[in-house]
Amino acid sequence: MRILPNIKTFFNLLLKRCTISLFALLLAASYSYAINDTTEEVSQLLLGTKQFDFGLIDKNSKSIATVKIGLYNSGTAPILILKADTSCKCVKTNFEKDEIPPKGTAYLSISIDTKELEGQFKKKVYLKTTANNRVELIKISGNVTD
């Protein structure tokens, strides 16, 4: 009566099972690596400035003051400017409606109508985009004189 198969058969069976298990493990590991290896596109918007001071503005000689701010896409995905909200109806914005390509540049113009203003002012522009940083705050200030 044989209780144990011969040693050679036992080791052959063990070797086959280990080989199959090792192959399955390597296959699972390579599949997991392929899933995690996807390179995600990133869009990052950089502004030429986040604060701008118009300084002294003579209301009689210049009723509208404008600044043009550069916008740079430092990421790998295009960026679209969705909207620019302002803290006051005296502030107007103008921007390009086209996408900013990766490593591309666009411009945002911010104008303030000083007719209704006197003295120092501080206003805000909220720039909403499709970039990873989503909303950028731009502060403008100045001093309107007669």
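The largest nonpolar core of this predicted model holds 28 residues, of which Leu45, Phe54, Leu71, Val91, Ile110 and Ile112 touch the most other members. Two or more residues of this core come from each of the strands β1, β2 (51-58), β3, β4 (81-86), β5 (91-95), β6, β7 (119-129) and β8 (135-145). The surroundings of Ile110 illustrate how the strands meet there. Leaving aside residues up to four places away in sequence, Ile110 touches Phe54, Ala65, Thr66, Val67, Ile69, Val91, Lys92, Thr93, Val125, Ile138 and Ile140.

The protein chain as a whole contains one helix and eight strands. Read from the N terminus, the order of elements is α-β-β-β-β-β-β-β-β. Of its 146 residues, 29% count as buried. The accessible surface of the chain comes to about 10400 Å², and carbon and sulfur atoms contribute 57% of that area. Among contacts with a separation of 6 or more, 67% are between residues 24 or more positions apart.

Strand β3 spans residues 64-73, and its side chains alternate between two faces. Ala65, Val67, Ile69, Leu71 and Asn73 point to one face and are buried.

Two pairings of β3 were examined. With strand β1 (residues 45-47), β3 pairs in the antiparallel sense over three bridges. Within this pairing, Leu46 has Tyr72 of β3 as its bridge partner. With strand β6 (residues 105-113), β3 also runs antiparallel, and nine bridges join the two. Here Tyr72 stands opposite Thr105 of β6.

Strands β4 and β7 run antiparallel and are joined by five bridges, with Lys83 standing opposite Lys128 of β7. Strand β7 also pairs with β8 in the antiparallel sense, over ten bridges. In that pairing, Lys123 stands opposite Ile140 of β8, and Ile140 is one of the residues touched by Ile110. Strands β7 and β8 form a hairpin with five residues between the strands, where Arg134 takes a positive phi near 45°.

Definitions and conventions
Residues are numbered from 1 along each chain as its sequence is written. This is a predicted model: local features need pLDDT of at least 70, side-chain atom pairs count only at pLDDT 80 or more; totals for chains, interfaces and linings use all residues. Side-chain values use heavy atoms; hydrogens and water are left out. Buried means under 20% relative accessible area, exposed over 50%, partly exposed in between (1.4 Å probe, protein chains only). Helices (H or I, at least four residues) and strands (E, at least two) are DSSP runs, numbered from the N terminus. Two strands pair if DSSP finds at least two bridges between them. A nonpolar core is a set of buried Ala, Val, Leu, Ile, Met, Phe, Trp, Tyr and Cys residues joined through side-chain atoms within 4.5 Å. Contact means heavy atoms within 4.5 Å. Accessible areas come from the Shrake-Rupley method with a 1.4 Å probe; for residues, only the protein chains shown count as cover.
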